[in-house]
Amino acid sequence: MIAYLGRRLIQSALILLGVSLITFALLYLLPADPVRQIAGRSATPQTVENIRQQLGLDQPFVVQYWHYLVSLLSGDLGRSYIQRSEVTELIVSRLPATLLLMVGAILCELVIGLSMGLIAAVRRGTTTDQTLMVASFVGVSAPQFVVGLLLLYVFAVRLSWFPIGGYGTWRHLVLPSLTMGILGAGWYARMMRSSMIDVLRQDYVRTARAKGLARGAIIFRHALPNAILPVIAMIGIDIGIFMGGIVVVESVFGWPGIGQLAWQAIQRVDIPIIMGVTLVSAFAIVLGNLLADIVAPFIDPRIKLR
Amino acid sequence: EDAVDPNAKQGGAITITYKDDVATLDPAIGYDWQNWSMIKSLFDGLMDYEPGTTNLKPDLAESYEISPDGKTFTFKLRHGVKFHNGREMTADDVKYSLDRVTNPKTQSPGAGFFGSIKGYDEVAAGKAESLSGVTVVDPYTVKFDLTRPDATFLHVMAINFSHVVPKEEVEKYGADFGKHPVGTGAFKLAEWTLGQRIVFERNPDYWHKGLPHLDKITFEIGQEPIVALLRLQKGEIDIPGDGIPPAKFQEVMADPEQKARVVVGGQLHTGYVTMNTTMAPFDNVKVRQAVNMAINKDRIVQLINNRAVPANQPLPPSMPGYDKAFKGYAYDVAKAKALLAEAGHPDGFETQLFTMNTDPNPRIAQAIQQDLAAVGIKASIQSLAQANVIAAGGDKAGAPMIWSGGMAWIADFPDPSNFYGPILGCAGAVPGGWNWSWYCNKDLDAKAAEADSVVDPAKGAERDKMWSAIYDKIMEDAPWAPVFNEQRFTMKSPRMGGADNLYVDPVHIPINYDNVYVNDVQ
Amino acid sequence: MTSPIAPDLPAAGRMPVKPRASVWRRLVKRPLAMLGLVIIAIVLAGAILAPWLTGYDPNEQMFDGLTLEGAPLPPDAKFWLGTDLLGRDLLTRMLFGARTSLIIGIVANGVALLIGTLVGVTAGYFRGWIGSALMRFTDLMMAFPALLLAICLAAVFEPSLWIVAMVIALVNWVQTARVIYTETSSLAEREFIDAERTIGASAPRILFRHILPHLLPTIIVWGTLGISTTVLLEATLSYLGIGVQPPTASWGNIIFENQTYFQAAPWLVFFPGAAILALALAFNLIGDALRDILDPTQRGRG
Amino acid sequence: MNAGAANRPAGAAAPVDSIAARPVLDIAGLCVSVRGEDGEREVVSDLSFKLARGETLCIAGESGSGKSMTALAIMQLLPQPAGRISSGTIRLGETNLATLNERQMQRIRGARIAMIFQEPMTSLNPVLSIGRQLTESIEAHTDLSQSQAQRRAVEALKAVRISEAESRLKQFPHELSGGMRQRVMIAMALALEPDVLIADEPTTALDVTVQGEVLELLRDLQREHGTSVILITHDMGVVAEMADRVIVMRHGRMVEEGAATDIFALPQAEYTRELLAAVPRIGTGAGRQESRDAAEASKPANVADVDDLHVRFDLRGGFFGRINRRVHAVEGVSFSIAPNETLALVGESGCGKSTTAKALAGLVPYQGDIAIGGRNLSGLGRAARKAVRRDVQMIFQDPYASLDPRMRVGDLVAEPLLIHGIASKEERRERVAALFERVGLSADQMELYPHEFSGGQRQRICIARALALRPRLIIADESVSALDVSVQARVLDLLKELQREFGVAYLFISHDMAVVENISDRVAVMYLGQIVEMGTRDQVFSNPRHPYTKRLIEAVPVPDPTRRRERFARLDREIPSSTRRIGETPPRLALTDVGGGHLVAV
Ligand SMILES: Nc1ncnc2c1ncn2[C@@H]1O[C@H](COP(=O)(O)OP(=O)(O)OP(=O)(O)O)[C@@H](O)[C@H]1O
Ligand SMILES: Nc1ncnc2c1ncn2[C@@H]1O[C@H](COP(=O)(O)OP(=O)(O)OP(=O)(O)O)[C@@H](O)[C@H]1O
Ligand SMILES: [Mg+2]
Ligand SMILES: [Mg+2]
């Protein structure tokens with residue numbers, strides 16, 4: 001186990017290094033000058049040059065990347081060009097919100113998606129099954145911005161069940177998680193359905209029935225843990241998909257997460273923030289995959305970490 | 001000292017929302033829509049404007065004197081003004097603040113505004129630490145020596161970049177001063193939760209007795225404008241900082257109760273299309289004039305729900321120097337075609353129109369595209385992120401046409417010169433500059449310098465005339481096609497009090513925090 | 001003793017051999033699959049025949065297409081699906097937009113599926129260094145922010161529909177590859193694969209003739225789910241300046257441009273949204289049917 | 001009265017003649033139908049029988065005859081939604097099971113009728129611990145508390161003689177061997193002392209030694225609890241060993257019913273006679289070949305020579321995942337096979353038989369030398385190796401698993417020809433059709449898919465496929481173990497016939513000593529990766545020298561109820577493992593010739 005973790009961590013570090021290099025290179029090639037963004041429109045060419053020099057942006061690529069790596073090793077992600085603060089501080093201040101949202105969203109999509117998939121599989125071929133299938137496609141096809149605003153309008157503005165945006169209590173968390181969860185729920189519902197159908201055909205399910213177990217026990221104790229395995233692997237993949245949607249949801253609900261930070265940084269070529277957020281999200285994805293792999297043996301004892 | 005609104009009530013707290021983050025509250029650096037007037041409430045400069053107007057008045061300065069040659073400005077400072085940390089502000093602080101903002105290490109985007117102060121070039125080049133043209137005569141007197149007469153200098157003393165900061169606090173926080181601002185302003189920073197909330201509280205020692213009226217202002221960050229409006233309608237907030245989103249505009253204006261809470265005002269803003277004068281076929285003035293005539297500005301104004309007035313010259317109507325008599329190029333498709341034919345393009349030509357990608361800019365670009373198509377010009381649209389458009393504009397071969405919306409923001413100060421230098425003068429027509437039409441007329445540069453050397457306030461009208469003439473001449477060359485001047489529509493909660501012009505204050509955006517008040521206290 | 005190799009008696013009630021109907025014939029026999037085919041046919045016809053189906057130009061900003069205050073018009077007799085914020089006919093834009101969205105939803109999504117499948121299958125079948133190199137690369141791509149890549153590509157290339165299709169393909173293959181990888185590695189352990197090797201089957205033959213058909217259900221699930229995702233992703237990319245530029249319409253960017261108006265002008269979001277949903281559903285219906293038809297062990301089911 | 005029945009304690013078992021008096025289970029006019037593409041068809045027709053308390057009823061019959069369907073119908077577990085009981089009654093005491101709904105059935109299943117399924121590997125839930133799976137049915141049917149249920153589970157495990165029962169509760173199915181898994185299944189079925197136990201081919205997947213143990217266990221348990229047992233099997237040896245009464249089924253109908261001794265002594269129906277004739281018996285098996293003398297068998301050029309073959313699988317572990325343990329699956333095996341000869345490889349599960357075969361077929365990397373037709377494989381290039389490999393073909397244990405279920409069988413058989421670029425498309429069709437006829441299938445069946453064939457037919461398809469390239473050596477890995485006797489006999493005959501015709505050599509892998517005796521010329525006995533005894537069939541069978549060989553032969557059930565053994569030789573320990581730490585090598589056994597080429601390890 002420890003050996004496995006050690007190896008995976010080394011691999012993860014290499015992946016992060018690769019991500020940092022590619023990102024840095026792409027940003028370097030980007031034909032948008034961060035210095036102009038900093039300097040503003042009244043700046044004289046001299047001011048622009050001064051700023052460029054101070055940020056070290058006049059150096060060749062390799063030197064810039066090397067400096068970045070060296071300070072990265074000491075945990076320093078640099079200072080934001082536009083926000084003029086430590087990137088670490090900016091990210092740390094926003095990370096809890098994003099993590100919370102991610103946990104909420106994953107819970108939502110698992111609860112909604114898995115139960116939809118489960119019911120559809122158990123009722124395979126019925127109208128319930130078909131209705132759920134259409135519903136899962138609606139979830140996948142609906143633009144998140146609209147879903148978010150709609151939920152907000154109905155449940156916060158009209159019914160006042162939840163606050164209109166903001167951050168703090170669990171009640172703030174519900175609508176944004178739901179918005180993000182609805183998309184993923186569609187995917188999980190489809191996956192769960194097909195893996196559940198497969199499991200329900202297995203011999204051990206027949207054995208369980210032959211023992212005279214109740215339907216609930218068969219589905220939840222015998223079938224579900226087996227069917228959920230491919231879904232666990234999906235959660236690791238999911239984190240990457242979230243990073244795309246999080247910007248929209250965070251801005252609709254005024255959620256102070258790193259999605260908004262990243263979006264503003266991209267708009268204004270704030271390279272240190274883009275780099276920082278990229279690395280953090282890459283780390284999250286790598287970690288998610290690792291966690292998914294580590295959890296798997298607890299669900300299926302046949303799996304050995306190697 | 002101007003009078004305080006007699007109806008104003010003391011106390012209360014309001015909430016304002018913004019979509020984008022507040023980057024910094026350092027007056028030497030902050031240059032965004034959101035932080036611009038926040039900084040104005042935390043810090044003060046030697047000069048300021050009368051609330052709700054563009055009229056200059058002394059602020060931290062009690063009075064000032066201008067030498068007859070217009071090259072020496074002497075300011076007498078107000079006594080007993082205290083920083084939020086309790087120390088009294090003196091002339092040394094003024095000098096320190098200006099040395100700091102011009103020092104390249106500060107990386108201030110506003111350093112260029114101080115180019116007329118003696119010794120600026122040395123400081124900017126890193127050869128000197130201190131501006132030789134700023135002299136502390138005594139703790140309450142500071143003297144500025146300029147290299148040339150500068151009529152805009154009083155405005156420069158009013159912009160955020162020249163606001164006074166206490167040295168000890170700047171040194172204490174170093175690069176993080178922007179997160180721990182300490183000034184002399186009406187409010188002081190009480191709380192800053194990154195990415196969520198900024199809270200200002202009343203500065204009880206503010207030198208201007210009776211101000212501010214509010215005890216507390218909470219800025220909530222990261223809220224989608226449309227959601228902010230929903231919250232306003234529910235009474236949760238007082239001012240949506242990003243205004244009324246287009247999708248909600250009709251709804252608000254259709255309801256008399258809500259419409260009554262909307263304040264409309266002019267804005268120091270012009271939306272225009274730049275044409276790259278160094279690039280064929282826009283190197284031909286006839287083509288540029290034809291474009292000016294081809295654009296149906298009324299239709300575009302309609303598209304943005306009539307929230308603007310059609311423009312015919314670079315300066316907005318509320319700017320001194322605006323030429324009311326100027327007729328510009330009227331919408332005339334036939335004439336535009338004729339001009340194109342004269343220029344050798346009877347069948348039009350193909351080109352590109354760049355625009356920033358936030359609504360309504362791509363829509364406006366499409367309207368312009370259709371208008372150009374009507375005269376034969378096939379413009380393909382490049383709808384890009386702000387940074388990419390700015391990059392393309394600053395590249396001589398980058399962008400034939402750019403729709404300025406979303407990027408050419410409000411003037412830094414209400415003076416006609418502010419629309420010339422960086423965006424129409426030769427100084428801006430350099431790689432990385434903001435003169436995206438690459439229009440450089442040495443003649444006009446000279447005339448502009450001449451106008452700016454008319455320092456005597458008494459000759460203000462004469463100077464405005466000179467500027468009008470400059471802009472009229474520019475329009476003859478037509479490097480731009482001015483499209484409209486945006487109007488400001490600020491919506492407030494029912495409890496907000498104060499004169500309407502405080503809510504469309506030309507310099508305090510979105511509202512003048514120091515002077516507004518709420519009706520539901522006491 | 002009789003010949004030991006006497007022809008086997010038919011097993012109890014074994015069905016008699018009968019000619020097999022072609023896949024197509026069996027597909028059209030299923031009502032749900034038929035519904036899917038009809039929807040796709042309608043969309044295709046709309047996209048191809050767009051200029052003849054409508055009297056409007058998709059980019060024409062009509063004077064009577066907006067109210068005096070600049071608001072779009074709801075559906076009526078003149079504009080069947082209403083107008084958009086520039087006073088253009090929404091139906092016309094959706095018909096023309098179908099071209100873009102079909103290319104994205106089918107071509108881009110298809111290429112992504114293809115790359116993902118190839119990578120996943122190869123990595124899953126060939127353990128050793130090829131497999132791990134491919135999977136490490138996949139991990140890297142998964143950890144890499146896709147939008148950033150898109151922005152950079154946008155800046156480097158002239159934005160166009162094909163660029164956006166390429167970007168989508170480059171971004172979307174990763175998840176498919178992961179899933180296919182897992183399935184392939186378990187398929188490769190199956191005995192019939194060993195049996196293929198003993199008769200001398202080459203790796204490509206085993207991969208394409210024997211492993212790929214078994215991956216079909218997974219490929220179908222991912223492919224159909226991918227349609228809506230990619231069509232919406234195209235809109236995001238257009239917004240970032242990569243991809244189709246205004247005034248070219250696509251279902252995704254019609255939604256994207258107008259999403260804040262979902263209350264003020266719901267038709268601008270509802271109709272294109274429904275179109276995307278219908279397209280994805282149609283492919284799913286066909287995919288579901290195909291999965292059953294192509295799986296010989298599922299014969300006789302519904 | 002036969003000897004077997006006389007062994008029974010009189011109190012627990014009901015004598016045969018009192019069956020009619022108090023049947024536990026009474027089935028009358030049972031019809032089961034399944035819906036397929038062409039509508040419904042009956043798979044069980046008008047079946048009636050009674051089961052008395054303490055009785056063992058065996059249902060025998062060929063594959064697809066409806067044995068499993070009958071069992072599933074009793075349990076109301078017919079495949080849904082295709083299968084249903086179309087008519088008939090199934091009475092358990094006074095209740096007609098056919099009319100009960102799912103909820104009511106839940107109370108019967110497990111508590112009053114329990115069932116053991118064929119595949120112990122897949123019938124236990126891989127993600128639940130043994131304890132959980134045992135206690136849950138106890139908890140579902142009684143009011144026992146969790147700890148009481150746990151105690152009952154331990155007792156059940158002890159009853160099936162699983163060592164260290166308490167600690168086993170925490171283990172998972174994959175941590176147990178096949179035999180232990182099947183015992184857990186039995187413990188599960190018997191924990192609630194049901195009236196009826198249905199065992200559907202409980203030993204087919206197990207090797208002889210384990211099979212003996214499991215049967216023995218069933219018998220013991222029945223003796224103690226007086227449970228009635230329905231035993232479904234195709235192995236007539238097992239039938240003879242276990243049954244009080246026998247039902248023979250064919251095409252969904254009962255062809256014969258009677259006491260075991262009567263059926264074996266005086267079969268009435270033609271089909272039963274065929275069935276019994278097909279049973280391979282040690283010593284006097286049907287169709288037993290003449291043993292060729294050694295001179296004929298060892299022609300100059302061997303088809304295959306295996307010399308000092310080693311196959312090891314590395315297991316990783318520890319920090320950085322270094323290799324720290326190794327499975328010594330095959331440890332220095334040497335043998336050769338002459339043309340026209342059949343060499344049988346026998347041994348317990350896990351002794352390395354399949355691995356040896358796979359090395360020969362080029363499916364696993366190995367050390368040592370393998371020469372095919374005199375050419376050493378390790379010295380050859382890729383293309384040459386492919387050409388040589390054509391001469392070796394393999395038939396796998398599970399014919400269904402080794403045929404791609406998504407391809408038509410005609411294409412599958414043509415595939416080797418296609419790959420090696422033999423013959424045009426038309427010729428290929430003809431050759432495949434000829435092959436089909438050759439193995440006793442009709443050419444129009446080429447259009448079907450594997451799942452549309454019965455087990456025996458599928459095995460013939462595999463044989464046709466192996467023959468397509470006219471190989472010189474066919475490796476048959478447990479190729480007939482899963483087939484019922486009549487089909488098994490036909491496949492064996494086919495193999496022999498082909499050998500006569502084409503002169504192919506076989507490497508025949510099996511754990512069924514009776515089959516081996518029938519088909520082989522020479523026999524090699526493997527144990528823990530090494531050969532412990534090798535010689536001609538007669539040498540090994542009439543004069544087994546190694547104790548392990550003796551035990552294997554003893555464990556084979558004899559298809560004659562009058563020769564029922566008192567007790568099977570029971571293995572008192574688990575099969576030792578061939579996994580060792582790095583650096584440790586298992587001791588090499590030296591083979592000595594005890595005369596006439598009969599090699600035995602000392
Ligand atoms: N799920 C199913 N759908 C359709 N037909 C089926 C299904 N399961 C079994 N059958 C058919 O029912 C018949 C009886 O099958 P059953 O499983 O009872 O045979 P069996 O006697 O147990 O054979 P074996 O010895 O091979 O296990 C066979 O013809 C088989 O093809
Ligand atoms: N790929 C592998 N990795 C690790 N160990 C393996 C592998 N394949 C086989 N083994 C081990 O090698 C040993 C011999 O296996 P093999 O399959 O040859 O046995 P067998 O004699 O054919 O048994 P059976 O009668 O059950 O088929 C077993 O202990 C098995 O667990
Ligand atoms: Mg069966
Ligand atoms: Mg084996």
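Trainee: Which element supplies the largest share of the shell around ligand 1?

Mentor: Happy to start there; this is a predicted model, where local features need pLDDT of at least 70, side-chain atom pairs count only at pLDDT 80 or more, and totals for chains, interfaces and linings use all residues. Residues are numbered from 1 along each chain as its sequence is written, chains are lettered from A and ligands numbered from 1 in the order written, and side-chain values use heavy atoms, without hydrogens and water. β2 (39–52) and α2 (67–75) of chain D each give at least two residues to the shell, elements being DSSP runs (helices H or I, at least four residues; strands E, at least two) numbered from the N terminus. With three residues, the largest share comes from α2(D).

Trainee: How far is the polar side-chain atom of Ser68(D) from an oxygen atom of ligand 1?

Mentor: Ser68(D) is among the residues that come nearest to ligand 1, where near means a heavy atom within 4 Å. Backbone polar atoms also approach ligand oxygens, at 3.0 Å for Gly66(D) and 2.9 Å for Lys67(D). For the side chain of Ser68(D), the distance is 2.6 Å.

Methods
Polar contact = N/O pair within 3.5 Å; in protein donor to acceptor, adjacent residues only side chain to side chain.
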